[in-house]
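I open this notebook to record what I looked up in the structure.

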Amino acid sequence: MAKNVLLTGGTGFIGSYLTDVLIDNGFTVSILSRSARENTSLITYYKWNLKSNYINEEAVLQADYIIHLAGEGIVEKRWSKRRKKAILESRVQPIDLIGSILKKNNKKLDAFISASAIGIYGAVTSHKICTEDTAPANDFLGSTCQQWEKAVDAIGTLGIRTVKVRTGIVFGKNEGFLKKVAPSFKAGFGAVLGTGKQYLPWIHVEDLCAIYLKAVTAPDLEGPYNACITDNTTNSRFSRTLANLFGYAIWLPKIPPFVLRIILGEMSVAVLEGQRVSSEKIQKTGLEFQITDLEKALVSCLD
Ligand SMILES: NC(=O)c1ccc[n+]([C@@H]2O[C@H](COP(=O)([O-])OP(=O)(O)OC[C@H]3O[C@@H](n4cnc5c(N)ncnc54)[C@H](OP(=O)(O)O)[C@@H]3O)[C@@H](O)[C@H]2O)c1
């Protein structure tokens, strides 16, 4: 019988791609969502409401694997105190809730796999290359990722294999980061942000889904894995490449950091800073990235 993978956040950008990949690889997929949705022949939806701590327990009890992708968008809105709380709680609370059901029912999973982010290494720019052994940072993104991963580790104490996918900026067609930045570049107004020297570790959604699939199918994968291409792309290189693909050279001056700080507030660190991150650990498991060239990755994501 086909094994079932339960996705939280399965209706989002990464979740939608991953659903197709899992189904293509012979798994059945179920999705926990805040909104009621019609089941299809391939996907079963279950409801949860984190505000009232409600979850349809059946979703967890029928699952062989759980992949946790749910969470409020990190750069959707300015980081007010309330927004920061929502970003953190929407990632940690679901894990705690699922953990309580696993414990209550003495239910075992083949694995619990969760998104995390390279933000765990902190919003700074340096030439140092971060590996999974690099100490986590204590700024907002760093501490959010630490608490997110700590909740995953608590699932591990139930004797369940856990994997944490520390994800870089994900490229996909009309999705995520590119959905936000491509329109201004397309209109001829592309610009380098800040100094442009900040690193922008990226990964194509297809390669990211291959990591998740590997985390499901390879029982020896455990712990954190960085998920990004280690090609030293900076914001400047990214911006110039994207503008070139739209047929022009950037003519606007660099947008000064203080302007971005005024527009974005504290959240500006997410675009003004960026680390170099190594993905050697996941590649050593035998996984080969398919899309490693920045230009080719961007071309595949543009209309
Ligand atoms: N995209 C990237 O570049 C990137 C980079 C690094 C890390 N990640 C991480 O990867 C995960 C998936 O990213 P994504 O880009 O696919 O996100 P996404 O498109 O925003 O989807 C996230 C999903 O989470 C659910 N969700 C949102 N707010 C929620 C809340 N308050 N409570 C419960 N569920 C909520 C929504 O599902 P329903 O509406 O169906 O409930 C939504 O479809 C996230 O944790 C993200 O931080 C993404």
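I count a salt bridge where a side-chain nitrogen of Lys or Arg lies within 4 Å of a carboxyl oxygen of Asp or Glu. By that criterion, I find 11 salt bridges in the structure. I note that the model is a predicted one.

**Entry: salt bridges**

I looked up Lys-3 and found it paired with Asp-110, with the closest N and O atoms 2.6 Å apart. This pair joins distant parts of the chain, 107 residues apart: Lys-3 sits in the segment before β1 (4–8), and Asp-110 in the loop between α3 (81–104) and β6 (111–117). Lys-3 is partly exposed, at a relative accessible area of 36%, and Asp-110 is likewise partly exposed, at 32%.

I then turned to Arg-83, which bridges to Glu-72 with 3.3 Å between the closest N and O atoms. Arg-83 belongs to helix α3 and Glu-72 to the loop between β5 (65–68) and α3, so this bridge ties together parts 11 residues apart in sequence. Arg-83 is buried, with a relative accessible area of 9%, whereas Glu-72 is partly exposed, at 28%.

Because Lys-164 lies in strand β8 (residues 162–167) and Glu-149 in helix α4 (residues 140–156), the pair ties together parts 15 residues apart in sequence. Lys-164 counts as buried at 8% relative accessibility, and Glu-149 counts as buried at 5%. I also record that Glu-149, Asp-153, Lys-164 and Arg-166 are linked in a network of salt bridges.

**Entry: pocket and cavity**

I looked up the second largest pocket, which holds about 160 Å³ of space. Helix α5 (residues 176–186) supplies the largest share of its lining, five residues. By class, I find six nonpolar, one polar and three charged residues in that lining. Phe-246, Cys-301 and Asp-303 are among the lining residues.

I count one cavity of 30 Å³ or more. The largest cavity has about 60 Å³ of space. Its lining includes Leu-200, Asp-231 and Arg-276, and divides into six nonpolar, four polar and two charged residues.

I next checked Phe-238, in helix α7 (residues 235–245). Phe-238 is buried, at 2% relative accessibility. Its C-alpha atom is 7.8 Å from that of Leu-200, 38 residues away along the chain.

**Entry: surface**

I finally looked up a nonpolar surface patch formed by Phe-258, Ile-262 and Ile-263, whose accessible area together is about 350 Å². Ile-262 is in helix α8 (residues 257–264). Ile-262 is exposed, with a relative accessible area of 61%.

Technical notes. Residues numbered from 1 in each chain as written. Predicted model: local features only at pLDDT ≥ 70, side-chain atom pairs only at ≥ 80, totals over all residues. Heavy atoms only, no water. Patch = residues over 30% accessible without salt bridge, like charges linked within 9 Å, V, L, I, M, F, W, Y side chains within 5 Å. Areas by Shrake-Rupley, 256 points an atom, 1.4 Å probe, with all protein chains shown as cover. Helix = DSSP H or I, 4+ residues; strand = E, 2+ residues; numbered from the N terminus. Buried < 20%, exposed > 50% of the residue type's maximum accessible area, 1.4 Å probe, protein only. 1 Å grid on protein atoms, 1.4 Å probe; cavity = no way out; pocket = protein on both sides within 12 Å on 5 of 7 lines; lining within 4 Å. Points joined across faces, edges and corners; volume = space filled by probe spheres on them. Nonpolar A, V, L, I, M, F, W, Y, C, P; charged D, E, K, R; others polar.
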